[in-house]
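This report describes how two parts of one protein chain meet. The sequence and structure are shown first, and the description follows.

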There are 2 protein chains.
Amino acid sequence: MQLIQNISDELILYGIKPSYHRIKIYEYIVNNNIHPTVDTIFKTLSNEIPTLSKTTVYNTLKLFEEQKLIKSVNIEENEIRYDARKNIHGHFKCERCGKIYDFDYNYNDLKYKGLEHFIFNKTDIMIKGICKLCASEN
Amino acid sequence: MQLIQNISDELILYGIKPSYHRIKIYEYIVNNNIHPTVDTIFKTLSNEIPTLSKTTVYNTLKLFEEQKLIKSVNIEENEIRYDARKNIHGHFKCERCGKIYDFDYNYNDLKYKGLEHFIFNKTDIMIKGICKLCASEN
DNA sequence: TGCATAATTGTAATGATTATAAAATAAAAA
DNA sequence: TTTTTATTTTATAATCATTACAATTATGCA
Ligand SMILES: [Mn+2]
Ligand SMILES: [Mn+2]
Ligand SMILES: [Zn+2]
Ligand SMILES: [Zn+2]
């Protein structure tokens, strides 16, 4: 569990005014490293904040991403997921159990051909398949 | 321009019965390497086939992907694009002009940590940024 | 306190995709 | 060729995540 103070400071560091809702939403994403959807965030926090609006969740996540506090993970066609981890990593989605795994890779060795003088803003490696657990269950 | 015969044969090779619509749709994707959306495919082919239904385009693309004839490219949050190129390659989306570029990379050197015994079905490298052309325009 | 600004809310609109059932076409059987 | 059956295509409605918008509430400051 992270202290409210740290969460608030981090928002400020990224140029975001730390309102109560924003703190709660960012805190949730940081403490629950499950790449949640808007709906998951909304439903979970609604218990604690009954007046919370889904529009606020959308607006807040959009603001967070613009300010580069979080990243959206576009591994599913039909919904956007969110990630607060700042280190470079890829995502694996198990097509059987639905879980999304983080993984590291040797990005320094990765060489792109034909993208000289292109400006990179966001790089994603997305893999779909069957996770170790599901694969062992046969 | 590819011959109808080749297109038809390739569909059969992938276990797809080559109906007129299916041939036209696959032919379009192969001959127009622009990662088209469903809407682009539908609108373009509608000129030639006025009775074409958008549902048919959806159904056909779904069938093609299930049979591994084509791949869906999920680089945009709000729409799916389609690609008939079979070689391994990544995608770059220019955030200014919207164009999607193919690029090659040294996939043999890519090492994933923590995915031992995971089964891979589909791997995608997606990059967003500004393309060379747009970057030079300042 | 009163005013300006920012944040939040609720509802409606959008738009891509999917579901469904009917119609058209093709293939198989008689 | 006719009849029957299976496949493909179509049109329309439903779904659902996201966005637009305008009203309301909260915050900061003179
Ligand atoms: Mn992650
Ligand atoms: Mn491509
Ligand atoms: Zn699994
Ligand atoms: Zn560009």
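Eight residue pairs, both members at pLDDT 80 or more, are in polar contact across the interface of domain 1 of chain A and domain 2 of chain A. A polar contact is a pair of N or O atoms within 3.5 Å; within protein, one must be able to donate a hydrogen and the other to accept it, and residues adjacent in sequence count only if both atoms are side-chain atoms. The side of domain 1 of chain A that touches domain 2 of chain A comprises two nonpolar, four polar and six charged residues.

The rule also finds two salt bridges across this interface, a salt bridge being a side-chain nitrogen of Lys or Arg within 4 Å of a carboxyl oxygen of Asp or Glu. The side chains of Glu77(A) and Lys128(A) form a salt bridge, at 2.8 Å from N to O.

## Basis of the model

This is a predicted model, in which local features need pLDDT of at least 70 and side-chain atom pairs count only at pLDDT 80 or more, while totals for chains, interfaces and linings use all residues. Residues are numbered from 1 along each chain as its sequence is written, chains are lettered from A and ligands numbered from 1 in the order in which they are written, and side-chain values use heavy atoms, leaving out hydrogens and water.

## Domains and buried area

Chain A is divided into domain 1 (2-83) and domain 2 (89-136), with bounds from an automatic or database domain assignment. Between domain 1 of chain A and domain 2 of chain A, about 920 Å² is buried, 56% of it on carbon and sulfur atoms; buried area is the accessible area (1.4 Å probe) that two parts lose on being put together, summed over both. His35(A), Val73(A) and Ile75(A) supply 50% of the area that domain 1 of chain A buries against domain 2 of chain A, more than any other three residues.

Definitions and conventions. Nonpolar A, V, L, I, M, F, W, Y, C, P; charged D, E, K, R; others polar.
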